[in-house]
Amino acid sequence: MPIADFSLKGKIAVITGASRGIGEAVARGMAEYGATVVLAARNMPGLEPVAQAINDSGGHALAVACHTGKPDHIAALFERVRTEFGRIDVLVNNAATNPYFGPVIDAPESVFDKTFEVNVKGYFLMSQHAARMMVAQGAGSIINIASIAGVSPSPLQGVYAMTKAAVISMTKAFAKELGGACVRCNAICPGLTETKFARVLIDTPEIYQIFLRDLPMGRHAQPSEMVGAVVYLASDASSYTTGTVIACDGGRLI
Ligand SMILES: NC(=O)c1ccc[n+]([C@@H]2O[C@H](COP(=O)([O-])OP(=O)(O)OC[C@H]3O[C@@H](n4cnc5c(N)ncnc54)[C@H](OP(=O)(O)O)[C@@H]3O)[C@@H](O)[C@H]2O)c1
């Protein structure tokens, strides 16, 4: 057995937003490290090819439709996990929304509600369900995909930034309360990463140039560059790490 054990063999992991982007990369990466992965997103047609590819390459994946803005969907997802596997070792809260790009003073109330419903309440309810099972098991790891925007709000993304700051706070709150039960909770702050979510920021030269300014590594990320941090936090290699926030951001937050 190596001193640092990054293996996820035998672990049951739930990943939200796993049909594309960072969630898909994380799901594929965790499966490669041996986890059985439960892939969640709203649309099954997006999830099925990811699950199929993982299963075809010798991994174990199950796709479950779940809108993380809907508490009944979340409850049904955990009921399915309980029935199929009887446990959960890792939760990756990754599915998020950013429906508005503009000044905070003009942000409609509906945008505020929708963004908080999915990005904060969704992460919170998912974490509660997972944590209850993990506490009963006496072990578990919750990983929240936050954002550099949660530390330093990006221009014209104020509401989204507020939700990501809440995710960072939620991470620490769960870590403090659950440490004694051997349930760890950590966050990752990706920088700009090439996904559907960020496409418009990368494809709009005026915005992209602002993003590149003062960025030590001088480029945006690929989704695969988030996987190592997630595998670390999911595995026993991080057994004494909780409440931390890892920035995978090319140095943006320095
Ligand atoms: N890309 C970046 O530059 C960047 C930077 C910092 C942080 N992040 C964070 O990284 C995470 C993933 O972003 P991404 O860029 O990979 O996004 P993405 O490529 O747009 O993928 C989003 C995923 O989430 C699912 N999803 C969206 N809303 C959902 C909901 N209400 N319930 C369940 N699933 C939902 C989508 O599938 P369905 O549409 O089928 O539901 C899809 O699988 C987010 O938390 C985001 O805030 C991204």
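Trainee: So how much of the protein chain counts as buried?
Mentor: 47% of its 254 residues. Keep in mind that this is a predicted model.

Trainee: OK. How many helices and strands are in the chain?
Mentor: Eight helices and seven strands. The radius of gyration is 17 Å, close to the 18 Å that the globule rule gives for 254 residues, so the chain is as compact as a globular protein of that length.

Trainee: And what does the C-alpha trace span along its principal axes?
Mentor: About 50 × 40 × 40 Å. As for contacts between residues at least 6 apart in sequence, 72% of them join residues at least 24 apart.

Trainee: Let's do the sheet. In what order do the strands come?
Mentor: β3-β2-β1-β4-β5-β6-β7, in an open sheet with parallel pairing.

Trainee: Which strands stand at the edges?
Mentor: β3 (60–65) and β7 (245–248). Each has a single partner strand, so one side of each is left without a neighbour in the sheet. From one strand to the next, the twist averages 20°.

Trainee: How many bridges are there between β4 and β5?
Mentor: Four, with β4 being residues 90–93 and β5 residues 140–145. If you want a pair to look at, V90 has S141 in β5 as its bridge partner.

Trainee: Which strands does helix α3 touch?
Mentor: α3 (residues 71–85) packs on the sheet against β1 (12–16), β2 (36–41) and β3, and its direction makes about 150° with that of β3. Then there's α5 (residues 158–178), which touches β5, β6 (183–190) and β7 and has its direction at about 160° to that of β6.

Trainee: Switching to the ligand: how many residues surround it?
Mentor: 30, and the closest are G17, G21, R42, A96 and F197. The largest share of that shell, three residues, comes from helix α1 (residues 21–32).

Trainee: What's the shell like by class?
Mentor: 15 polar, 12 nonpolar and three charged residues.

Trainee: Last one, G59. Where does it lie?
Mentor: In the loop between α2 (44–56) and β3.

Trainee: Why does G59 count as partly exposed?
Mentor: Because it has 19 C-beta neighbours inside 10 Å, and a residue needs 20 or more to be buried.

Trainee: What is G59 in contact with, leaving aside neighbours within four places in sequence?
Mentor: A31 and I54. Also, its C-alpha atom is separated by 6.9 Å from that of E32, 27 residues apart along the chain.

Notes. Residues are numbered from 1 along each chain as its sequence is written. This is a predicted model: local features need pLDDT of at least 70, side-chain atom pairs count only at pLDDT 80 or more; totals for chains, interfaces and linings use all residues. A residue is near a molecule or strand if its C-beta atom, placed from the backbone, lies within 6 Å of it. Helices (H or I, at least four residues) and strands (E, at least two) are DSSP runs, numbered from the N terminus. Ala, Val, Leu, Ile, Met, Phe, Trp, Tyr, Cys and Pro count as nonpolar, Asp, Glu, Lys and Arg as charged, and the others, Gly among them, as polar. Two strands pair if DSSP finds at least two bridges between them. Axes are lines fitted to C-alpha atoms, for helices over the stretch in contact, and angles run from 0 to 180 degrees between N-to-C directions. Two residues are in contact if their C-beta atoms, placed from the backbone, lie within 7 Å. The radius of gyration is taken over C-alpha atoms; the globule rule is 2.2 Å times the number of residues to the power 0.38. A residue is buried if 20 or more other C-beta atoms lie within 10 Å of its own, exposed if 12 or fewer, and partly exposed in between; C-beta atoms are placed from the backbone.
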